[in-house]
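This report walks through selected features of a two-chain model. Please look over the structure first, then read on.

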Amino acid sequence: MQVNKQMIKGSTETLILTLLKEQPLYGYELIKELHRQSEGVFNLKEGTLYPILHAMELEGWVESYWMEVEGRKRKYYSICDKGVEALQHKKAEWLLFRGAVDRVLGEGGLT
Amino acid sequence: MTDRHEKIKHYLDQLCSQVKAREVHTDLRDELGNHMEEMMLDKEQEGLSQEEAAAYAIEQMGDPAVVGKSMHRLHRHRMHWGLLVGLTSMASVSLLLIWVFVHYIGEEKYQSLYTNQIVFTIMGLIIMTFFIIFDYRIWRKAAWWIYILINVALWISPMVALESNGLKRFWLLPGFTIDVNGIASWILPLAIGAIMFDRIRSDVTIKSTLTYIALMTLPAILLVQLSDWVRLVLFSITCVLLFAWSSRKWFSTVIGAILVGISAVLSLLLTNRYGRMERFMAGFDLQHDPYGSYYNRSIIEVIQSAGWWGNGFGNTFMMNQINYLDHPAVLLIDVFGWFVGVFFLLMVIWFVASMLKTILRIKDEFGRMIVVSITVMFALQMIYSLAMTTGKVPIISISFPIIGYGGHLVFEYALLGLLLGVYRRKDTISLQKEKRKQTATRVQ
């Protein structure tokens with residue numbers, strides 16, 4: 001089943017930050033990881049990923065560094081203190097939202 | 001990478017054509033290009049042909065115009081509007097004060113000052129625009145030459161400079177004068193910082209500290225020879241703060257600087273030539289200062305008489321014999337009162353605060369060093385100028401940046417331009433080289 005893009009949009013930053021909290025990743029790796037961990041639900045378009053990553057870098061949430069691996073220039077992103085804070089905030093926001101949605105839909109949700 | 005697939009190249013060209021700041025193009029090409037190539041490799045392993053894989057990668061990336069536009073919004077040249085607002089209001093106040101002085105207070109011979117100040121402001125704005133547009137990183141390469149040039153200028157200054165108020169400070173050139181000592185005190189910390197930057201930033205050794213001190217000492221000795229204590233102190237404080245900030249060794253730097261400062265002052269006082277001792281002590285006892293007390297007392301009188309709403313365009317100012325040119329804020333309070341004086345104070349605080357805030361927003365380390373150095377110089381002179389307005393500190397030859405009358409404006413506008421130029425590039429500068437260097441050292 002395909003999930004509505006609008007629903008994914010709101011949580012993309014949270015997901016990216018969560019992955020980067022584990023380890024520094026470069027863009028392509030990040031997308032593959034997101035795809036794998038969500039079991040194919042989050043099929044993020046590359047064209048949306050990079051503007052978000054760059055915006056988070058300018059915001060000071062993540063830092064980037066270049067590394068040459070097997071002759072390829074890869075730009076790795078790693079999370080900063082500010083990003084960890086933002087992630088905590090976003091997580092709390094998400095839990096609140098999820099709780100509210102669950103309550104409205106009723107325990108177990110609608111099928 | 002040179003052997004990129006034609007289709008990918010074309011895609012990246014289309015994407016980059018949307019991004020106006022050219023300096024980010026290489027980074028974007030490297031990052032997105034690599035992404036698409038890795039995706040192609042994966043797809044080719046799954047059995048797609050090269051053409052099909054390229055088409056797939058492009059399809060995944062999405063419309064190049066859309067991606068390019070959102071990248072353009074992120075990596076644009078920026079203008080520091082807050083600082084510009086501060087600067088505009090300070091420039092307006094400066095012109096207003098000169099106008100008031102020329103029309104209501106000054107004698108006939110001062111009539112040309114207003115026109116002069118307008119000319120200085122316009123020249124300043126033109127030079128400022130140049131420095132905003134010009135890429136500041138070029139100066140790093142010129143640092144040694146600038147350092148040598150200014151030191152030579154200081155060295156020959158005793159033979160060339162015009163003597164005014166017992167100080168050899170200005171060079172009289174056809175059409176204009178240059179404040180060589182002033183320029184030295186503003187620019188040399190920047191030059192020394194640029195020369196030593198890499199060495200003191202990564203790992204401070206005794207050798208690099210000594211080199212920094214040596215680079216500081218030469219111009220310091222030249223300024224001592226010129227007896228320009230004010231510029232010497234401004235230069236030294238800026239250099240010391242810059243070192244502490246770059247090396248992140250605040251404690252030892254400040255302690256070291258205080259010890260050197262105290263011993264320098266003591267040795268000057270103990271040799272006690274030219275009545276230095278008296279002049280120095282006067283700083284602590286303004287009531288009996290043989291040189292400056294009259295000045296300080298008349299400033300205090302004027303400020304006290306102004307009240308909340310000022311003395312209007314009366315003649316109090318000239319009666320008290322204060323040289324307006326050196327104390328624009330005193331005129332402001334005299335004419336418009338304490339109430340406007342408070343606004344003036346807030347304006348100056350706003351200006352310095354927006355410079356300070358800039359420091360945090362600059363990621364390029366060299367750019368941040370420029371901003372720190374310029375901010376320190378502006379802040380020192382503005383704070384002391386404000387302090388002189390209260391009449392409680394010794395009157396010395398510091399003019400109020402941007403607000404005071406004179407050609408120093410042009411130079412200050414140029415430095416603000418340099419700072420705004422750093423700010424302009426804060427989101428477009430590529431950190432590719434720098435970061436690689438860091439990872440390389442990390443691996444070692």
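## A loop residue in chain B

The model is predicted. Start with B:Thr390, which sits in the loop between helix H17 (365–389) and helix H18 (408–424) of chain B. Is B:Thr390 buried, exposed or partly exposed? Burial needs 20 or more other C-beta atoms within 10 Å, and exposure means 12 or fewer. B:Thr390 has 13 C-beta neighbours inside 10 Å, so B:Thr390 counts as partly exposed.

B:Thr390 can also be placed against a residue elsewhere in the sequence. B:Val330 is 60 residues away along the chain. The C-alpha atoms of B:Thr390 and B:Val330 are separated by 8.3 Å.

## Chain B overall

Chain B has 444 residues, and 36% of them count as buried. Its secondary structure comprises 19 helices and 3 strands. Consider contacts in chain B between residues at least 6 apart in sequence: 68% of these join residues at least 24 apart.

## Helix H6 of chain B

Helix H6 of chain B covers residues 113–133, which is 21 residues. At 1.5 Å a residue, H6(B) should span 30 Å.

Which residues of H6(B) are buried? They are B:Gln117, B:Phe120, B:Gly124, B:Met128 and B:Ile132. These residues cover an arc of only 100 degrees around the axis, so they lie on the same side of H6(B). The helical repeat gives the background: an α-helix has 3.6 residues a turn, so residues three or four places apart point the same way. On the other side of H6(B), B:Thr115, B:Ile122 and B:Ile133 are exposed.

## Where the chains touch

The contact draws 17 residues from chain A and 21 residues from chain B. H3(A) gives the most, with 7 residues.

What is the make-up of the chain A side by class? It has 8 nonpolar, 3 polar and 6 charged residues.

## The hairpin in chain A

E2(A) and E3(A) form a hairpin, with 2 residues between them. A:Glu70 lies in the turn and has a positive phi of about 50 degrees.

Terms used:
Residues numbered from 1 in each chain as written. Chains lettered and ligands numbered in written order. Predicted model: local features only at pLDDT ≥ 70, side-chain atom pairs only at ≥ 80, totals over all residues. Helix = DSSP H or I, 4+ residues; strand = E, 2+ residues; numbered from the N terminus. Contact = placed C-beta atoms within 7 Å. Expected span 1.5 Å × (residues − 1). Arc of directions from axis to C-beta. Nonpolar A, V, L, I, M, F, W, Y, C, P; charged D, E, K, R; others polar. Pairing = 2+ DSSP bridges.
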